[in-house]
Amino acid sequence: MQLNAAQKLIQDHLLSGEMKPGEEIGLKIDQTLTQDATGTMVMLELEAMGIDKVKTEASAQYVDHNLIQEDFRNADDHLFLRSAAQKFGIYYSRPGNGVSHPVHMQQLARPGKTLLGSDSHTCANGCMGMLAIGAGGIDVTMAMAGEAYYVKMPRIMGIELTGKLPDWVSAKDVILEMLRRHGVKGGVGKILEYYGPGVKELSAMDRHVIANMGAELGATATVFPSDKEIKHFLKTQGREDEWIELKADDGADYDEHEEIDLSALEPLIAKPSSPGNVVPVTEVAGEDIYQSYIGSSANPGYRDFAIASEIVKGKQIANGASLDINPTSRQLLEQLVENGHIANLLSAGARMHQAGCNGCIGMGQAPATGKNSLRTTPRNFPGRSGTREDSVFLCSSETAAASVLTGVITDPRTLDMPYPEIKEPTTFSTQGMLEAPPKDNHQIELEKGPNITAIPDFEPIEDNFDVPVLLKMNDNISTDEILAGGSRVLPYRSNIQKISTFAFEIIDDDYYEMAMKQRDDGGHMVVAGFNYGQGSSREHAALAPRYLGLKVVLVKDFARIHLQNLINFGILPLTFVNEEDYDLVRQEDTLEFRHIHQTIQQNQHTFDIKLKGTDRTITVQHDLTKRQLEILLAGGIINWIKEKQ
């Protein structure tokens with residue numbers, strides 16, 4: 001049988017199930033990645049399970065999200081994470097080392113391996129010929145404990161790349177083109193595999209840009225081949241001996257097909273407030289801007305900063321505009337300094353920030369009210385920037401740099417200058433990027449600050465209950481809207497009681513108070529449209545509402561990671577059988593659930609619920625496996641694990 005690259009990766013790690021789309025499969029996980037917005041919960045979960053050392057080949061804990069130390073909370077959690085990394089046998093990346101995804105790519109990523117990360121953009125490392133998947137923290141915890149990772153076998157979309165990118169067009173425009181064609185749901189239930197002669201025209205970091213934003217399409221993973229370019233990248237990191245070739249067999253087929261002629265692309269931009277709202281830059285050219293932001297895991301490479309440096313070299317940014325530079329790794333920053341690019345940017349009027357996620361997750365660099373911000377980040381969900389009424393556009397480094405010079409959105413092809421040629425460094429410093437754990441961990445004690453609290457205990461769902469609908473929402477509700485990130489919220493990531501006070505505040509300021517009033521009176525449910533829970537893997541977006549009494553989420557369909565997070569914390573995820581029934585449910589209606597334990601285990605997975613006080617019923621369904629049902633009926637995966645011990 002001729003296999004594509006994704007099938008080869010899955011076959012080599014398949015522990016259970018068959019490679020039939022839609023069937024649940026269990027995968028062996030070689031590596032894991034956690035970051036500080038999700039890692040604190042993972043480490044508490046490892047402690048609760050009594051794990052001595054992780055069972056993976058390599059696990060790494062990065063500190064890249066919560067870098068603003070306005071009080072003790074983030075600093076305390078950094079100490080906790082380092083102590084946990086030492087105790088459980090995990091590599092540790094200190095604050096200032098950079099964003100997890102490019103640093104992992106530089107330090108640990110290996111072709112042919114699997115990577116599971118508690119960050120939705122873990123898929124970025126698919127650029128290395130890996131099967132890299134984002135998941136909720138507790139799924140990563142289980143993988144670190146040596147358990148399989150379970151996922152429904154995705155369909156595989158083969159995307160053939162031909163041609164070569166023209167001047168002023170870059171890898172960001174490739175993934176924006178995919179979003180323009182397919183939207184934010186176009187990759188749901190799929191692995192995106194890029195192949196064809198155009199692949200060799202893309203550097204390893206170019207591929208990282210494309211793989212990273214596969215998350216914005218809702219894809220399970222993105223896979224690129226491991227070829228001579230990946231071998232070259234590993235050589236620059238002093239790891240050439242870790243390279244293996246990985247590519248699709250001749251004649252291998254795909255479940256779906258797409259083709260992109262790189263030479264036909266033009267500069268693209270995603271308008272507010274969705275990564276799928278993509279148009280040519282020419283369509284919005286001339287609109288005033290306040291900010292251009294360069295950095296993040298969606299444009300993390302040397303050339304992404306160097307090209308901006310060369311565009312603004314010897315010039316000044318427009319009056320009233322802000323050029324924010326967010327380096328993605330300390331390794332990268334050293335080379336940019338050495339080659340004069342940081343000096344070019346600063347001389348032009350740029351503001352330099354520390355290496356990390358920063359404004360991408362709302363940690364600083366928030367734009368002014370009502371002003372346009374151009375960003376090379378992966379997401380522009382409402383309020384994610386840190387400004388509640390924001391106006392964020394997603395674009396390439398070329399477009400961001402050209403626009404900040406003129407003060408308006410500018411097609412970079414219109415600049416009166418030749419396209420800069422960027423020469424990539426041939427070697428990078430790898431010293432001190434990751435702290436290896438000690439061989440003997442018996443004397444290591446966890447350092448817990450006062451902000452770290454235990455995970456609450458949750459009771460299993462009852463067999464019969466009535467719950468009111470506290471919120472009725474539209475399509476594409478993101479996890480940032482369910483539970484915001486940013487410097488105001490994320491310092492409480494290890495304090496569920498406190499972080500729950502911010503739940504759904506972007507949707508409804510009164511949600512917390514309404515939920516607390518209802519919590520001891522049977523709980524509540526929420527209703528929404530398509531693609532509910534898109535975006536971040538943060539399990540807090542399930543955990544905080546669960547603490548507030550959320551029992552049921554009824555939607556038209558779910559985003560993959562959030563669906564599993566709901567199950568992991570004992571929240572019943574249901575979808576409408578008839579999508580028009582969404583219109584029958586109103587906010588504050590009460591729905592009756594009867595004999596749920598038996599009902600949801602029926603083979604057909606379909607049943608009726610009643611609108612209380614009426615004769616109307618709504619037909620709903622779930623698509624849960626036997627294992628997922630066991631977890632749900634136990635009240636969540638923590639209870640399920642305890643029952644198995």
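1. S273 is placed in the loop that runs between β13 (268-270) and β14 (278-280); strands here are DSSP runs of E with at least two residues, helices are runs of H or I with at least four residues, and both are numbered from the N terminus. The peptide bond that leads from P272 to S273 is cis, its omega being near -5 degrees. Most peptide bonds are trans, and most residues other than glycine have a negative phi.

2. This is a predicted model, in which local features need pLDDT of at least 70 and side-chain atom pairs count only at pLDDT 80 or more, while totals for chains, interfaces and linings use all residues. Residues are numbered from 1 along each chain as its sequence is written, and side-chain values use heavy atoms, with hydrogens and water left out.

3. W168, a residue other than glycine, has a positive phi, near 70 degrees. The loop between β9 (155-162) and α6 (171-182) holds W168. The relative accessible area of W168 is 7%, so this residue is buried (under 20%; exposed is over 50% and partly exposed in between, with a 1.4 Å probe and protein chains only).

4. N358 likewise has a positive phi, near 50 degrees, and is not glycine. N358 belongs to the loop between β17 (351-352) and β18 (372-375). Its relative accessibility is 4%, and N358 therefore counts as buried.

5. T575 lies within strand β23 (residues 572-576). With a relative accessible area of 14%, T575 is buried. Leaving aside residues up to four places away in sequence, T575 touches L554, V555, K556, D557, F558, T619, V620 and Q621; contact means heavy atoms within 4.5 Å.
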